[in-house]
Amino acid sequence: MKLRVSAVQYHLHTIHSFDEFAEQAEHYIKTAAEFGTEFILFPEFLTTQLLSIGNGQGQALEIGDLPDFTGPYRELFSRLAARENMHIIAGTHVIRRNGKLYNTAHLFYPDGRVGEQAKLHITPTEVDEWNITPGEGLEIFETEKGKIAVLTCYDIEFPEIVRMARAKGANVIFSPSCTDDRHGFYRVRYTSHARAVENEVYVVSTGTVGALQTVDFMRANFGQAAVITPNDIPFPPRGILAEGEINQDMIVTADLDLDLLEQVRKKGSVSTWRDRRTDLYPDWKA
């Protein structure tokens with residue numbers, strides 16, 4: 001079984017209305033539809049672009065204003081997912097629940113369902129500057145192309161949570177990210193490769209590019225999309241099916257062959273999942 005995925009290097013720039021945001025998002029989705037994409041991934045903190053609309057007094061909106069856009073955000077991507085018959089991982093959007101802010105990834109199904117996965121590991125900036133609360137559980141999403149998980153940026157740097165996702169049946173990890181410099185970008189990128197090797201899964205990652213000149217902590221972005229595989233025959237030696245040009249406004253597309261994962265798990269050069277020493281260390285078991 002195969003599935004075609006696209007990942008968007010979303011260009012952040014100042015806008016003046018929600019309609020501008022909607023037009024930009026729709027542009028990427030229409031492009032992916034022309035390629036026959038079944039799953040499209042947008043980056044973390046996608047909707048911080050809405051803060052640049054401002055408050056009418058020359059000042060950017062604040063992070064606590066983002067939940068006010070939740071209704072239009074969900075309506076937009078639900079409509080596009082249904083129209084294009086596509087699964088849309090619409091990056092992350094900050095929602096408010098019981099008085100707390102959560103950085104939450106949203107999966108929009110073509111049939112109108114909406115799945116949510118709050119970010120589980122929160123960076124110091126998210127805590128200190130934006131008062132973001134960590135999520136409390138891992139969601140595994142059932143799709144017609146099998147089980148997937150959505151682990152946001154910092155989450156991919158923790159091997160335990162990806163082990164859990166794999167044990168629960170996820171074959172593809174979608175990882176929306178937002179990093180402001182090379183250090184952060186390569187932390188996410190290198191650990192994405194490690195998670196693909198450790199668990200014999202695909203990792204689809206992307207990040208924001210461009211800049212929001214009026215929005216604090218979104219003034220710099222360093223991003224690149226990549227579709228990452230295990231490092232074994234019959235995959236590419238570098239474990240990269242596709243990658244974008246760093247910091248460019250673009251979209252990348254690749255086909256994921258789930259049968260190849262099963263072949264490697266059974267008869268690969270190594271079998272990192274099967275060969276875990278759970279007699280020596282605790283681990284999640286399939």
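User: Start with N98. Buried or exposed?

Analyst: N98 is exposed, because its relative accessibility is 78%. Exposed means over 50% relative accessible area, buried under 20%, and partly exposed in between (1.4 Å probe, protein chains only).

User: Where is N98?

Analyst: N98 sits in the loop between β4 and β5. Helices (H or I, at least four residues) and strands (E, at least two) are DSSP runs, numbered from the N terminus. N98 is not a glycine, yet its phi is positive, about 55°. Most residues other than glycine have a negative phi.

User: What kind of model is this, and how are residues numbered?

Analyst: It is a predicted model, where local features need pLDDT of at least 70, side-chain atom pairs count only at pLDDT 80 or more, and totals for chains, interfaces and linings use all residues. Residues are numbered from 1 along each chain as its sequence is written, and side-chain values use heavy atoms, with hydrogens and water left out.

User: What about F217?

Analyst: F217 also has a positive phi, near 70°, and is not a glycine. It lies in the loop between β11 (209–210) and β12. F217 is partly exposed, because its relative accessible area is 43%.

User: Which residues does a cis peptide bond join?

Analyst: I233 and P234, with omega about 15°. P234 is in the loop between β12 (226–228) and β13 (240–243). Most peptide bonds are trans.

User: Zoom out. How many helices and strands?

Analyst: Six helices and 14 strands. Of the 286 residues, 56% count as buried.

User: Now the core. Which residues touch the most other members of the largest one?

Analyst: F21, I40, F42, F77 and I88, out of 40 residues in that nonpolar core. A nonpolar core is a set of buried Ala, Val, Leu, Ile, Met, Phe, Trp, Tyr and Cys residues joined through side-chain atoms within 4.5 Å. Helix α1 gives the largest share of this core, seven residues. Another core lies apart from it, with 27 residues, including V150 and L261.

User: What does F42 touch?

Analyst: Setting aside neighbours within four places in sequence, its contacts include V8, Y28, F77, I88 and P176. Contact means heavy atoms within 4.5 Å.

User: And α4, how covered is that helix?

Analyst: Mostly covered: seven of the nine residues in α4 (159–167) are buried. Among them are I161, M164 and R166. The cover includes β8 (146–150), β9 (172–177), α5 (182–199) and α6 (258–267). After α4 comes G169, with a positive phi near 105°.

User: S192 is in which helix?

Analyst: Helix α5. S192 counts as buried because its relative accessibility is 1%. Beyond four places in sequence, S192 contacts I156, V203 and I228.

User: Last one. Where is T133?

Analyst: T133 is in the loop between α3 (124–130) and β7 (141–143). T133 is buried, at 18% relative accessible area. Residues up to four places away aside, T133 touches K100, L101, Y102 and I122.
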